[in-house]
Structures are given as structure tokens and as C-alpha cells.
Amino acid sequence: MMSATGQINRGRKFDQVLEGAREVFLRDGYDGASVDDIAKEAGVSKATLYSYFPDKRLMFLEVAKTECQRQADQALAEINFDQPPEIVLSIAARQIMDFMVSDLGQGIYRLCVAEGERFPELGRAFYASGPALVHRTLLEYFQKAVARGELAIDDLDLAAHLFAELCKADLHAKLVFGVEGRPAVTDKERVIRGAVAMFMARYGTKAR
């Protein structure tokens with residue numbers, strides 16, 4: 001179990017251990033991943049693994065933070081922010097949703113909810129590397145789109161939060177409460193189209 005003072009230690013094989021943990025968590029999820037499997041995938045002993053990560057939850061959170069940053073970097077490389085809002089927002093919505101419904105994304109959510117009261121630093125750390133990172137990226141894009149006259153937004157902060165929440169419509173609650181499994185591509189595309197259409201109806205200059 002993780003103590004309130006548990007912390008990550010970095011060393012020569014840290015990246016090797018982290019990559020092994022990433023492979024196992026992405027393959028098996030948080031609950032299905034064992035420390036033995038992670039050590040084997042990373043090519044290190046359990047003693048070496050524990051010298052870097054005293055608890056599996058810390059390891060999972062570090063993988064999550066690294067994966068969030070990796071996906072954010074990939075998204076920034078793939079999106080041309082000079083394109084019209086309908087295109088940019090559709091790509092952004094798809095990336096937000098893909099992470100939300102992934103095993104890693106669901107594992108992070110469940111872990112932070114389950115352990116949030118005892119270990120609030122877990123939730124704060126993930127929020128900073130996940131939702132807050134998405135929020136900052138949306139804010140920067142909205143500022144540019146407003147300057148070009150493509151969007152008319154008075155409260156940029158609120159608009160960024162609203163768009164992220166629109167991307168969760170219907171699907172997130174069903175996943176969290178176990179009503180349905182991972183949504184089909186057609187279901188995700190339906191939500192994406194609806195989220196972008198609703199956002200543009202509120203903030204798009206063409207709709208005015």
C-alpha cells in the first residue's frame with residue numbers, strides 16, 4: 001500500500017522500468033497488471049522496480065502522466081491550428097474521447113475516484129497532466145480563432161471547459177457505471193458531430 005509520503009525515485013533504469021510498466025498497463029489495465037509482469041517486461045528485478053516505485057499506484061500515475069503528455073505532443077503535431085474550427089475541434093474531440101474510453105483513461109479515472117479521499121495528490125497530479133493540459137491547449141486555440149474572427153467567445157475559460165464536457169456526452173457515464181462497454185466507432189462519431197455542432201452554434205461567427 002502507498003503511504004502519504006510515498007515518492008518516486010529516479011535512476012539509471014527509470015525509463016526502462018517506466019516503459020515496461022506502460023506496456024503492461026496498456027495491455028492489462030491497472031487491476032490486471034501485476035508487479036511481476038511489469039518487472040519481467042522491463043527486464044529488471046522486483047527489487048529494482050520497487051527502488052524506483054514503492055507502490056503500483058505511483059507507477060500507474062507516472063505512466064498516465066507520461067502518456068497524457070505523449071498524446072498531447074502527438075495531437076499538437078497532427079493538428080493544424082490554422083484550419084477552420086469545425087476541423088480542429090473534430091480532431092480534438094476525437095482525441096479527447098479516444099483517451100477517455102481507453103483502458104488507461106478508465107483506469108486513471110477509477111483509481112483517482114477510489115483513492116482520491118485518502119491520497120488527493122493522485123487526483124491533483126493527473127488533473128494537471130490530463131484535463132488541465134487539454135484545457136490550456138483549447139484556450140490557446142480559441143484565442144487564435146477569436147483573433148481570426150472564426151469564433152466569438154467572451155469567456156474563453158468557460159468555453160474550453162464546456163467543449164471538453166460536450167465530448168463526454170452519453171458515453172462517459174455509461175462507461176463509468178458499467179451500463180455499456182467501449183463504444184462503437186459510430187457512437188463516438190455521433191457524439192463528436194454533436195459536440196462540434198453545438199459548440200459552433202453557440203460560438204461560431206457564421207451562426208450569427
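Reply: Contact here means heavy atoms within 4.5 Å. The model is a predicted one.

Me: Which residues does Val196 touch, not counting residues up to four places away in sequence?

Reply: Val196 is found in helix H11, residues 185–203. Val196 and Glu86 are 110 residues apart in sequence, yet their C-alpha atoms are 6.5 Å apart in space. Leaving out residues up to four places away in sequence, Val196 touches Glu86, Leu89, Ser90 and Phe163.

Me: Is Val196 buried or exposed?

Reply: The relative accessibility of Val196 is 7%. Buried means under 20%, so Val196 counts as buried.

Me: What arc do the buried residues of H11 cover around the axis?

Reply: The buried residues of H11 are Lys188, Val191, Ile192, Ala195, Val196, Phe199, Met200 and Tyr203. Their directions place them on the same side of H11, because the arc they cover around the axis is only 155°.

Me: Which residues are exposed on the other side of H11, and what covers its buried residues?

Reply: On that other side, the exposed residues are Thr186, Arg190, Arg193, Met198 and Ala201. The cover over the buried residues of H11 includes H5, H8, helix H9 (156–166) and helix H10 (171–176).

Me: Within what arc do the buried residues of H7 fall?

Reply: In helix H7, residues 120–129, the buried residues are Leu122, Phe126 and Ser129. They line one face of the helix, because seen down the axis of H7 they fall within an arc of 70°.

Key: Residues numbered from 1 in each chain as written. Predicted model: local features only at pLDDT ≥ 70, side-chain atom pairs only at ≥ 80, totals over all residues. Heavy atoms only, no water. Helix = DSSP H or I, 4+ residues; strand = E, 2+ residues; numbered from the N terminus. Buried < 20%, exposed > 50% of the residue type's maximum accessible area, 1.4 Å probe, protein only. Arc of directions from axis to C-beta.
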